[in-house]
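Here is a report on one protein model, written for reading beside the structure.

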Amino acid sequence: MMRFTITRRQFTGGASAFAAATVLAGSLKAQQPSTNEQVRRLTAKLGEAELLETDAPRTPIWGYEGHVPGPELRVAQGKPVAIDLVNSLPQPTTIHWHGIRIDNSMDGVAGLTQTPVTPGETFAYRFSPPDAGTYWYHPHNRTWEQLARGLYGPFIVEEQQPPPCDQDLVLMIDDWRLGDNGHIDEASLGSMHDISHAGRLGNVLTLNGRGEQDIPVRAGQRLRLRLINAANARIIGITFEGHVPMVIALDGQPLDRPFAPGNNLVRLAPAQRADLILDCDQDVGAQTSILADTGREKLRIGRFVYHKEKRERPNILTDIPLLPQNPMPGALDLDRAINVDLEMTGGAMSAFEAAEYKGKRYGARELVREHHKIWAFNGIVGMPQSPLMQIPLGKTVKVRIVNRTAWPHAMHFHGHHVKEVAHARRTPLPYWRDTILMERGEEVTVAFLAHNPGRWMLHCHMLEHQAGGMSSWYEVA
Ligand code: C2O
Ligand code: CU
């Protein structure tokens, strides 16, 4: 029987000075910006993590440098980055730099932009990130398995002039399915039930690879928090007890108008990110919970532990800073855009009768039984032979996405960020995103300027859905 995270709160009583010190040391170390110049080796290998309470058994994982999350990579905007992936795993792998508008050949998609890196081999990733912001890296080969085993890390592109803040912290949240022995439940990896329903939902949440984290702060400090949802499939809402976060960027891209989210809840679909400004306006000595809302329960994943002495600053700054703009395309030429429809079908409770897979037509039963597929885009299961859309370079595209399934999905576009331009039930949200949460029955039109040539994937980032057929590609040429 699986353990539920809720019970863990009881095990983590008092503030642990040790945990607090670890977080601080970690964040200080991570903040020395990489010069971008030297080649950095990143080895994907087996390791162990302390996902549960300190005296619980450690969990064997796969991680970059054997850790989860992998090293926090901080690079300068627009400067060349050189990372050599060394594969010490028992499986071929790649790295995808999620959300970076990258050169196509560096996008890391096994079977589309590169051949996977076999065990013992190395692959040289070389690119210059055009946009500052919060991104992340993870494999793009058997992603549903490799991500569930712990392969992911934060990829931070620093602004030339970042807004002033006292601490810049990555909060990377994950959802693990562990067995009673504290090990990853391997038997259920890629199970047809997960594929056909909500994806692999776990029973233990972690913040930066630990069960619960104390984050030391001082009264009067201004924090920049970089939230990343690294779960396979779980949509997670984060609240900071007693604090009002202001969202200043989404999926790496700065907002023109920062906002305080409703109920102070920052809701992230798998792979989505949010940059927040959070002012530490509680009293000296306060301890406040960081809660993760799974939709069913609210679990504590960490705490802000206020220093016992003196305020950092007598008063909190009042204005919320605007991040410097990224070189994103300007106004979209919607009148002359190419129009594409994308209909999502399949899954449990509303399965299609038949669909096309690898150029042949199959009945739903056969697809499930023989191929473990159950989802389709425009009636096609998995990667089609010809692209879902073929777009001339420099053209604007409007994609009307309709979710005709009984499940939410996190639609991720590689190579470009997209913006809502129409919505069936509300005003479109004016944000550039690389991952769009589509609720069941939702219909939304997104647009983007096809500025980045190449073959790009688009798929659901609920990784079991991706594996079960929700993956396609588009070409810009
Ligand atoms: Cu975060 Cu196709 O990936
Ligand atoms: Cu999905």
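## Buried salt bridges

Arg273 is buried, and Asp434 is buried too. Buried means under 20% relative accessible area, exposed means over 50%, and partly exposed lies in between (1.4 Å probe, protein chains only). The two residues form a salt bridge, with the closest N and O atoms 2.8 Å apart. A salt bridge here is a side-chain nitrogen of Lys or Arg within 4 Å of a carboxyl oxygen of Asp or Glu. Arg273 sits in strand β17 (residues 273-279), and Asp434 in the loop between β29 (432-433) and β30 (435-438), so the pair ties together parts that are 161 residues apart in sequence. Strands (E, at least two residues) and helices (H or I, at least four) are DSSP runs, numbered from the N terminus.

The model is predicted: local features need pLDDT of at least 70, side-chain atom pairs count only at pLDDT 80 or more, and totals for chains, interfaces and linings use all residues. Residues are numbered from 1 along each chain as its sequence is written, chains are lettered from A and ligands numbered from 1 in the order in which they are written, and side-chain values use heavy atoms, leaving out hydrogens and water.

The whole structure holds 32 salt bridges. One of them joins Glu212 to Arg300, with 2.7 Å between the closest N and O atoms. Glu212 lies in the loop between β10 (204-207) and β11 (213-217), and Arg300 in strand β19 (residues 298-306), so this pair links parts that are 88 residues apart in sequence. Both partners are buried.

Strands β11 and β19 also carry a pair: Asp214 lies in β11 and Arg303 in β19, so parts 89 residues apart in sequence are tied together. The closest N and O atoms of the Asp214–Arg303 salt bridge are 3.1 Å apart. Asp214 and Arg303 are both buried. Elsewhere, salt bridges with shared partners join Glu72, Arg74, Glu158, Glu159, Asp168, Arg224, Arg226 and Asp275 into one network.

His409 lies in strand β27 (residues 409-413) and Cys460 in strand β32 (residues 454-460), so the pair ties together parts 51 residues apart in sequence. His409 is buried, at 0% relative accessible area. Cys460 is buried as well, also at 0%.

## Nonpolar cores

The largest nonpolar core has 61 residues. Such a core is a set of buried Ala, Val, Leu, Ile, Met, Phe, Trp, Tyr and Cys residues joined through side-chain atoms within 4.5 Å. Trp97, Phe155, Met389, Phe413 and Phe448 have the most contacts inside it. Contact means heavy atoms within 4.5 Å. Leaving out residues up to four places away in sequence, Phe448 touches residues including Leu332, Met389, Ile391, Phe413 and Tyr474. A second, separate core has 32 residues, among them Leu250, Ala286, Ile301 and Tyr306.

## A buried asparagine

Asn452 lies in the loop between β31 (443-449) and β32. Is Asn452 buried or exposed? Asn452 is buried, with a relative accessible area of 8%. Its side chain reaches the backbone oxygen of Gly415 at 3.1 Å. Beyond four places in sequence, the contacts of Asn452 are Arg101, Ile102, Leu393, Gly415, His416 and Val476.

## Cysteines and backbone

The search finds 0 disulfides, meaning pairs of cysteine sulfur atoms within 2.5 Å. For Cys165, the closest cysteine sulfur is in Cys280, 11 Å away and too far for a bond. Cys165 is partly exposed, at 27% relative accessibility.

A cis peptide bond joins Val68 and Pro69, with omega about -10°. Pro69 lies in the loop between β2 (59-64) and β3 (73-76). Asn264 is not a glycine, yet its phi is positive, near 55°. It lies in the loop between β15 (253-259) and β16 (266-268), and is partly exposed at 25%. Lys358 also has a positive phi, about 50°. Lys358 lies in the loop between β21 (354-357) and β22 (360-363), and is exposed at 60% relative accessibility.

Definitions and conventions:
Polar contact = N/O pair within 3.5 Å; in protein donor to acceptor, adjacent residues only side chain to side chain.
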